[in-house]
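Here's a quick briefing to read alongside the model. Have a look at the fold before going through the points below.

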Amino acid sequence: MPISNRLDQAIQKLYQAFHQNTLHPECCKSCAVGTILDNTDGWKHLSDGHGHLHLNYIGRVNELCGKRFNGYTPSELLQIEAAFLKGCGYALPLGRKQPIDPLDKDIQFDGLCAAISLLCSLDRVENVMDYTRLFRQELDQHTERKAVITAI
């Protein structure tokens, strides 16, 4: 399954940030989108708040002009961040419900999975984090062996 350069780069950056403990859902430079955009926070000016899905004036202008940030449109960036935050257990827009410890690796992993799932969906490829395929493959192999044994 070939993946785009933007998806490959985004996954690598998120993976690296997760394992280097630099991923932080509440920091615009270290959240999912901040990480994808090389730890910059300029993207936060595309909406009126962290976790908002609606582009503000600046975001709409950038979107209409065809501006892309590391391959992603402004609206895609807001979707990615929202998926990450929801996956981490936040209520959106940011500020209402929050996880007890945003740096907890399990919480971050859930957010990472949600963000990567959306990234794959944006590129119309299978979710690279979908582990159920492994179990299906094992089940299929087991079923095939069982069929061969009963046929004998």
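Helices here are DSSP runs of H or I with at least four residues, numbered from the N terminus. With that in hand: this is a predicted model, and its chain has 6 helices and 0 strands. Reading from the N terminus, the order is simply α-α-α-α-α-α.

**Overall packing and surface**
- The chain has 152 residues, and 39% of them are buried.
- Take the contacts between residues at least 6 apart in sequence: 54% of these link residues at least 24 apart.

**A nonpolar patch**
- Tyr57, Ile58 and Val61 make a nonpolar surface patch of about 300 Å².
- Ile58 belongs to helix 3, which covers residues 57-64.

**Positive phi in the loops**
- Asparagine 39 isn't a glycine, yet its phi is positive, near 60°.
- Look for asparagine 39 in the loop between helix 2 (32-36) and helix 3.
- Asparagine 39 counts as partly exposed because its relative accessibility is 42%.
- Arginine 124 is another non-glycine residue with positive phi, near 55°.
- Arginine 124 sits in the loop that runs between helix 5 (105-122) and helix 6 (132-151).
- With a relative accessible area of 77%, arginine 124 is exposed, a label that takes over 50%.

Notes. Residues numbered from 1 in each chain as written. Predicted model: local features only at pLDDT ≥ 70, side-chain atom pairs only at ≥ 80, totals over all residues. Heavy atoms only, no water. Helix = DSSP H or I, 4+ residues; strand = E, 2+ residues; numbered from the N terminus. Buried < 20%, exposed > 50% of the residue type's maximum accessible area, 1.4 Å probe, protein only. Contact = heavy atoms within 4.5 Å. Patch = residues over 30% accessible without salt bridge, like charges linked within 9 Å, V, L, I, M, F, W, Y side chains within 5 Å. Areas by Shrake-Rupley, 256 points an atom, 1.4 Å probe, with all protein chains shown as cover. Salt bridge = Lys/Arg side-chain N within 4 Å of Asp/Glu carboxyl O.
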